[in-house]
Each structure stands twice: as C-alpha cells, then as structure tokens.
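Subject: Structure for you to look through

Dear colleague,

I am handing over the structure we spoke about, with the sequence beside it, and I would ask you to keep it open while you read. My notes come after it.

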Amino acid sequence: MAAPPAYSPPTSPAFSLVATDLDGTLLRGDDTLSDRSLAALARAGRAGARHLVVTGRPAPRVRPLLDDLGCTGLAVCGQGAQVYDAGAHRLLWSVTLDRELAEAALGKIEAEVGEVYAAVDQGGVDGLTLIEPGYLMPHPTLPAVRVRRRDDLWCEPISKVLLRHHALSDDELAATARAAVGSLATVTMSGPGTVELQPCGVNKATGLALAADHLGLSAERAVAFGDMPNDIPMFDWAAHGVAMANAHPELKAVADEITLSNEDDGIAVVLERLFP
C-alpha cells in the first residue's frame with residue numbers, strides 16, 4: 001500500500017546510501033538509463049550519498065551498465081552472491097551454488113510440476129550464461145550460450161539457476177519450487193519469466209550488507225529502490241524502501257512508499273525530493 005498522506009519520509013541528510021535494482025527499476029524497458037535518472041544519481045552523489053547497484057544480473061552482465069553509470073566502485077550482483085569491484089574488475093566476495101544440490105533441487109521441482117527449462121549463470125568475473133534446449137532468455141539483449149543437454153550446465157561453478165515452465169505462472173512456479181527444494185537453495189523471483197535458485201541463505205540483503213560494511217555505511221542511512229519480490233530482503237534491510245509503480249504486489253505491500261514506474265523516472269522523482 002502507498003504511504004498515508006500524513007507519512008513524512010526521512011529528509012536527505014538521513015541517507016548516505018542509495019541502493020537500486022536495475023531491471024524494472026533504474027533501467028527502462030529497452031535497457032537504457034534516462035538522462036534524468038543519471039542526473040538525479042549524480043545529485044545524490046554530490047550530496048555525499050553512495051550509489052550501489054544491487055541486481056540479480058551476474059557481474060559480467062552488469063559491467064556495461066556500470067560503465068554507463070560511470071561507476072568504478074562496488075556493485076552487488078547475482079542476487080547477492082557477488083560483491084563486484086568495477087574499478088579493479090574483481091570480486092571482493094562471492095559464493096557459488098553447489099552443482100549437485102542444484103541438480104537435486106531441479107529434480108524435486110520437476111517431480112512436482114513436470115519438465116522445467118533451466119539456465120545457469122557461471123561464477124567469476126567472466127562467467128557465461130548457459131541455457132539448455134527449450135529455455136528462452138527473459139532479456140533477449142543479454143548474451144547467452146546454448147548447450148546441447150542439461151548436464152552441460154554444470155561444467156563450471158555456478159552462482160545461480162534460472163527456471164521457466166511452459167504453463168505455470170512465475171508466482172506458481174516460485175511457490176512450488178520453494179516447497180519442493182526446502183533448504184537446498186533459496187528460491188526467488190526477480191522479473192517476468194525469471195524464477196531463480198540461489199545458494200541457501202543468500203539474497204540481496206546479505207550482499208548489500210557486505211558491500212555497505214566494506215564502505216563503512218549502515219542500513220539506518222540507506223534508501224532502496226526495487227520492483228520484484230527478490231527486493232523484499234533489501235527493503236527489510238534498508239531504512240526506507242521505495243517500490244516502483246510497476247512493482248509486484250508483494251513488494252508494494254512492504255514498501256515505505258511507491259513512486260512512478262521505471263519508464264517515468266520513478267527513482268529520479270524520489271531522489272530529486274530527497275536531495276533538493
């Protein structure tokens with residue numbers, strides 16, 4: 001729900017950290033950044049706030065966008081499984097998903113819903129996105145390598161598994177997957193057609209907390225922006241959570257306020273208010 005009229009969000013001096021999701025939040029539908037959003041982030045930076053990208057995309061798929069942002073600092077990637085130093089092009093911290101556990105989790109899910117189509121993001125700063133036959137990339141602009149069979153997905157360490165089903169909605173697939181895999185993995189939904197398996201206990205909040213601690217920043221002075229259920233842990237961690245107008249109902253339900261959509265510069269609208 002949107003904040004009631006009497007609600008007054010914290011003023012700009014309260015915030016030293018601006019954490020933003022990418023897809024459906026900071027990025028427009030064509031994967032571009034608006035001039036207004038860039039200007040608003042620059043304004044926050046001049047006021048002393050640090051901007052951290054916190055995204056489900058793995059580090060190799062984030063580098064071009066960090067270049068557009070002029071970011072040479074840290075970014076939280078892979079749903080929190082990676083803390084990436086853009087300037088040094090290295091991972092300060094990373095965790096991989098055990099491949100045997102991933103296979104076992106897939107088997108449990110398929111026992112409940114029938115065949116699913118899978119993809120994986122490999123670990124490391126140069127890891128590939130591999131997709132098995134039948135899997136369709138939710139973001140066709142992102143590079144991926146098609147493999148011949150599922151076994152080929154496990155050839156290198158992975159940070160997460162992405163799932164799709166021919167009939168189930170994302171919400172249905174995510175709910176079934178959570179019930180099926182238990183503690184084998186963390187299940188999240190990060191966008192249309194994007195249900196994911198991550199290492200157990202890893203989420204955007206765990207990665208963001210690590211990055212913030214490295215920078216000497218705290219949750220009490222953080223504002224976070226997002227659009228999907230995978231952003232809920234980040235909202236729980238930050239002092240102030242802002243959902244986009246296009247956000248999933250689950251995220252809107254826990255947000256402190258709701259701004260305009262990603263297509264309408266929703267992040268810029270809030271930052272212009274917080275950093276006048």
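This is a predicted model: local features need pLDDT of at least 70, side-chain atom pairs count only at pLDDT 80 or more; totals for chains, interfaces and linings use all residues.

The nonpolar cores

The largest nonpolar core has 31 residues, and Val18, Leu66, Phe225, Leu271 and Phe275 are those with the most contacts inside it. Two or more residues of this core come from each of helix H1 (22–26), helix H2 (35–46), helix H3 (59–69), strand E3 (74–77), strand E12 (222–226) and helix H9 (266–274). The element that gives the most to this core is H9, which supplies five residues. Apart from this core lies another one, made of 26 residues, and among them are Ala102, Leu106, Val120 and Ala185.

Helix H9 and its partner H2

If you look at H9 itself, you will find that its buried residues are Gly266, Ile267, Ala268, Val270, Leu271 and Leu274. These buried residues pack against strand E1 (17–20), H1, H2, E12, strand E13 (240–243) and strand E14 (257–258).

The pairing of H2 with H9 can be described in some detail, for the two helices pack at an angle of about 30°, with their axes 9 Å apart. Angles under 35 degrees count as roughly parallel, and H2 is therefore roughly parallel to H9. H2 passes H9 in a left-handed crossing. On the H2 side the contact is made by Arg36, Ser37, Ala40, Leu41 and Arg43, and on the H9 side by Ala268, Val269, Leu271 and Glu272. Sorted by class, the residues of this contact of H2 with H9 are five nonpolar, one polar and three charged.

The phi angle of Asp265 is near 60°, which is a positive value in a residue other than glycine. Asp265 counts as buried because its relative accessibility is 15%, and the cut-off for buried is under 20%.

Helices H4 and H5

A second pair to examine is helix H4 (99–113) with helix H5 (residues 170–181), which pack at an angle of about 120°, with their axes 9 Å apart. H4 and H5 are therefore oblique to each other, and H4 passes H5 in a right-handed crossing. The residues that meet are Ala105, Lys108, Ile109, Glu112 and Val113 in H4 and Leu173, Thr176, Ala177, Ala180 and Val181 in H5. By class, this contact of H4 with H5 holds seven nonpolar residues, one polar residue and two charged residues.

In the loop between H4 and strand E6 (117–122) you will find Glu115. Leaving out residues up to four places away in sequence, Glu115 touches Glu110, His165 and His166. The C-alpha atoms of Glu115 and Arg164 are separated by 9.3 Å, although these residues are 49 residues apart along the chain.

Other single residues

Neighbours within four places in sequence aside, Asp31 is in contact with Asp23, Arg57, Leu65 and Thr141.

Ser16 is placed in the segment before E1, and it counts as buried because its relative accessibility is 9%. Apart from its neighbours within four places in sequence, Ser16 is in contact with Gly48, Ala49, Arg50, Leu217 and Arg221.

Met228 lies in the loop between E12 and helix H7 (232–237), and with 9% relative accessibility Met228 counts as buried. Not counting residues up to four places away in sequence, Met228 touches Met189, Ser190, Gly191, Pro192, His248 and Leu251. The C-alpha atoms of Met228 and Thr259, which are 31 residues apart along the chain, are separated by 14 Å.

Finally, His89 is found in the loop between strand E4 (82–85) and strand E5 (90–94), where its phi is near 50°, a positive value in a residue other than glycine. His89 counts as partly exposed, because its relative accessibility is 33%.

With best wishes

Note on methods: Residues are numbered from 1 along each chain as its sequence is written. Side-chain values use heavy atoms; hydrogens and water are left out. A nonpolar core is a set of buried Ala, Val, Leu, Ile, Met, Phe, Trp, Tyr and Cys residues joined through side-chain atoms within 4.5 Å. Buried means under 20% relative accessible area, exposed over 50%, partly exposed in between (1.4 Å probe, protein chains only). Helices (H or I, at least four residues) and strands (E, at least two) are DSSP runs, numbered from the N terminus. Contact means heavy atoms within 4.5 Å. Axes are lines fitted to C-alpha atoms, for helices over the stretch in contact, and angles run from 0 to 180 degrees between N-to-C directions. Angles under 35 degrees count as roughly parallel, over 145 as roughly antiparallel, 65 to 115 as roughly perpendicular and the rest as oblique. A crossing is left-handed if the near helix is turned anticlockwise from the far one by less than a right angle, and right-handed if clockwise. Ala, Val, Leu, Ile, Met, Phe, Trp, Tyr, Cys and Pro count as nonpolar, Asp, Glu, Lys and Arg as charged, and the others, Gly among them, as polar.
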